[in-house]
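Please look through the sequence and the model first.

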Amino acid sequence: MTQIRSEFLKAVRDRGFLHQCTDMDALDARAMEGPVPAYIGFDATADSLHAGSLVPIMLLRLLQQTGHKPIVLMGGGTTKVGDPSGKDEARKMLTDADIDRNIASIKQIFQKFLTFGDGPTDAVMVNNDEWLSGINYIDFLRDYGRHFSVNRMLKFDSVALRLEREQPLSFLEFNYMILQAYDFVELNRRHKVCLQMGGSDQWGNIVNGVELGRRTDDSSLFGLTVPLLTTSSGAKMGKTASGAVWLNADRLSPYDYWQYWRNTEDADVGRFLKLFTDLPLDEIARLEALDGAEINAAKIVLANEATRLCHGDDAARAAQETAHKTFTQGTIGDDLPTIDVTAAEIEAGIGVLEALTRAGLTQSNGDARRQIKGGAVRINDEKVDDDRRVLGSLDVSEGVIKLSLGKKKHALIRVA
C-alpha cells in the first residue's frame, strides 16, 4: 500500500491495533475527507464488560480522538441468538429484561471512555433490536439470505471449528453472521456508518457485511480488525486465576483492577501502554526501555493510567496509595477489598476456606485448600498450614482480619 496519511490509521498502526483491513488505501483516503462514522458491536450477555473488551473500547476512543465518530452497537437483538465465534457451546438464553438491564449497565462503562452527544464526532449508542425485532423472516430470506453461500459460511472459523470438534451448532447460531452483516447495512442506512471494526475472530463476519452492503445498496464499506490479545505467557487477556477482570466497580474493585495492570508481565508493558493508555508514544518508548527493577515504575504508570480511564483519578490514586502501604510500608491500606461479617459470625468462627472464597481471593473451597497446601495463604501476615483453621475473635486487630494470597493479593474481613 501507499504511505498512510490519515491521523487515525497512523495511530492505529503505531499503537498496535492494526491486524487486517479490507482496503487500506481507500479507507485512508476516506479518513482524510472528514469524520468517518465507524462501529464496533458488543453483545449484552452480562451486566459488565471485562478487560478483554478494552482493545475495541480503546480503538473507539482513538477513533474519536483523531476526529471521527464512534458508534457503539449494543446487540440487544443478536444477544438473543448468540455469536458462535470462539465458543464451544451455545450461550444461555436471556430475557428481554435481562438484556435491557445489561445494556444500561454497560453504557456506564462507555461514558467513561467516549464523549456522547449530537456533534459530528460525538459517540452514539444504538441497539440492533430496533431493526432485528421487526424482521419478517420470509422477506428477510428473499432480500438478504440469497446473498450468502452456505458453502462459504461453513468454512468460517466460527462454524468450522465447532463442527470439527463435533460440538453442536444450532441453526439459530448459524444465522448470527447473516444478522451481523445486516447490522452493517442498517447502520450505513441510518447513520452513514462506513467502517466496522472488531477482533480478528470477526474478520469473516465483517467481510460479509462489507460485501452485503455493496450488493444490496452499492455502498462503499470497509472492515478493520485488531489482533486477538494474549499476554506474553499465552494467557487470555482479561482473565486471571480468580476470574474475569470486570470493568464495573461493583464487579471488581478499583484496587483489584489497579493490581491487575500492576502485575503485567515485563514483556507486555510497552505493548499495553500503547493499547490501554493515552500516553504519547515517545513517553511510552522511554518507559518501555526501563529494565531490571526499574520496569516496576512503568508498571505503576500503566496501572495508574488504565485505572484512571476506567474508574477516575481518585480511584487510581487511592489504589496506588493502598498498594504502597500494603507492600512497601507493611501496613494495611485503606482501599483493600473488604467483606463485612457480624460479630456473631466471628464469635462462632469462620473457616479459612470459606473466608478466602468469600473475600474473592480463591474461586472455591477446593482452590483455597490447594493454595494453603502450596504455602500461599497468610492470616495477618502469618502463614497458614492447616486448611481446617478457623478465624475467630483472637484474629481481629483494630476491627479487621487481613487475608493474603501470595505476595500481591490481599483482602480484609471487617467485623461490623
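Me: On what basis are the values given, and which pLDDT do side-chain atom pairs need?
Reply: Residues are numbered from 1 along each chain as its sequence is written, and side-chain values use heavy atoms, with hydrogens and water left out. This is a predicted model in which totals for chains, interfaces and linings use all residues, local features need pLDDT of at least 70, and side-chain atom pairs count only at pLDDT 80 or more.

Me: What radius of gyration does the protein have, and what would a compact globule have?
Reply: The radius of gyration is taken over C-alpha atoms, and the globule rule is 2.2 Å times the number of residues to the power 0.38. The C-alpha trace spans about 75 × 50 × 40 Å along its principal axes. For 416 residues the rule gives a value near 22 Å, which agrees with the 24 Å of the protein.

Me: What percentage of the residues in the protein is buried?
Reply: Buried means under 20% relative accessible area, exposed over 50%, and partly exposed in between (1.4 Å probe, protein chains only). Of the 416 residues, the buried ones make up 50%.

Me: How many helices and strands does the protein have?
Reply: Helices (H or I, at least four residues) and strands (E, at least two) are DSSP runs, numbered from the N terminus. The secondary structure comes to 19 helices and 15 strands.

Me: Which strands stand at the edges of the open sheet of six strands?
Reply: Two strands pair if DSSP finds at least two bridges between them. The order in this sheet is E1-E6-E5-E2-E3-E4, with mixed pairing. Each edge strand has a single partner strand, so one side of it is left without a neighbour in the sheet; these strands are E1 (20–21) and E4.

Me: Which residue in E6 stands opposite Gln-20?
Reply: Strands E1 and E6 (residues 222–226) run antiparallel and are joined by two bridges. The residue opposite Gln-20 is Thr-225.

Me: How far apart are the end C-alpha atoms of helix H4?
Reply: The expected span of a helix is 1.5 Å times one less than its number of residues. Helix H4 (residues 96–113) has 18 residues and should span 26 Å. The distance between its end C-alpha atoms agrees, at 26 Å.

Me: Which elements do the buried residues of H4 pack against?
Reply: The buried residues of this helix include Ile-99, Ile-103, Phe-110 and Phe-113. Packing rests on contact, which means heavy atoms within 4.5 Å. The partners are strand E2 (37–43), helix H3 (54–65), strand E3 (69–75), strand E4 (124–127) and helix H15 (295–311).
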